[in-house]
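Please open the model in your viewer and keep the sequence panel beside it. The stops below say what to select next and what is to be found there.

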Amino acid sequence: MPFADERGAYWLLLSSQGYEFRRTPYDEEAAAKEIGASNDPQAQAFVNTYVQNVMTKSKGMEILESLVKKR
């Protein structure tokens, strides 16, 4: 799960020249509908957590830093 300030599908393009981080925007409502219509028993939880919410960079770093402190 990426930490970003913009909604989208984040992915990495690998090639013989190296790599490039990419983001593909998507229609939140259409994605939620499509995922929710699946037979997956965790579909709605996935929609609530990952499709309808964007974890900001600052919140993601806060979580990771708290995990490090617990070690």
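**First stop: Thr 24**

Select Thr 24 and display its surroundings: leaving out residues up to four places away in sequence, Thr 24 touches Gly 8, Ala 9 and Trp 11, where contact means heavy atoms within 4.5 Å. Before going on, note that this is a predicted model, in which local features need pLDDT of at least 70 and side-chain atom pairs count only at pLDDT 80 or more, while totals for chains, interfaces and linings use all residues. Residues are numbered from 1 along each chain as its sequence is written, and side-chain values use heavy atoms, with hydrogens and water left out.

Thr 24 belongs to strand E2, which covers residues 18-24; helices (H or I, at least four residues) and strands (E, at least two) are DSSP runs, numbered from the N terminus. With a relative accessibility of 35%, Thr 24 counts as partly exposed, on a scale where buried means under 20% relative accessible area, exposed over 50%, and partly exposed in between (1.4 Å probe, protein chains only). If you draw a distance from the C-alpha atom of Thr 24 to that of Arg 7, which is 17 residues away along the chain, the value is 8.7 Å.

**Second stop: helix H1**

Next select helix H1, residues 28-36, and pick out Glu 29, which is found in this helix. Is Glu 29 buried or exposed? At 68% relative accessibility, Glu 29 counts as exposed. The C-alpha atoms of Glu 29 and Val 51 are separated by 8.8 Å, although the two residues are 22 apart along the chain.

Now select helix H2, residues 43-51, and colour Ala 43, Val 47 and Val 51, which are buried. These three cover an arc of only 45° around the axis, which puts them on the same side of H2; the arc is that of the directions from the helix axis to the C-beta atoms. An α-helix has 3.6 residues a turn, so residues three or four places apart point the same way. Show helix H1 again, as it is included in what covers the buried residues of H2.

Within H2, centre the view on Ala 43, whose relative accessibility of 4% makes it count as buried. Apart from neighbours within four places in sequence, Ala 43 is in contact with Ile 35, Gly 36 and Ser 38. The C-alpha atoms of Ala 43 and Ala 32, 11 residues apart along the chain, lie 8.9 Å from each other.

**Last stop: the whole chain**

Finally, zoom out to the protein chain, which has three helices and two strands, running β-β-α-α-α from the N terminus on. Its radius of gyration, taken over C-alpha atoms, is 15 Å, well over the 11 Å that the globule rule (2.2 Å times the number of residues to the power 0.38) gives for 71 residues, so the chain is more spread out than a compact globule. Along its principal axes, the C-alpha trace spans about 40 × 35 × 20 Å. Of the 71 residues, 11% count as buried.
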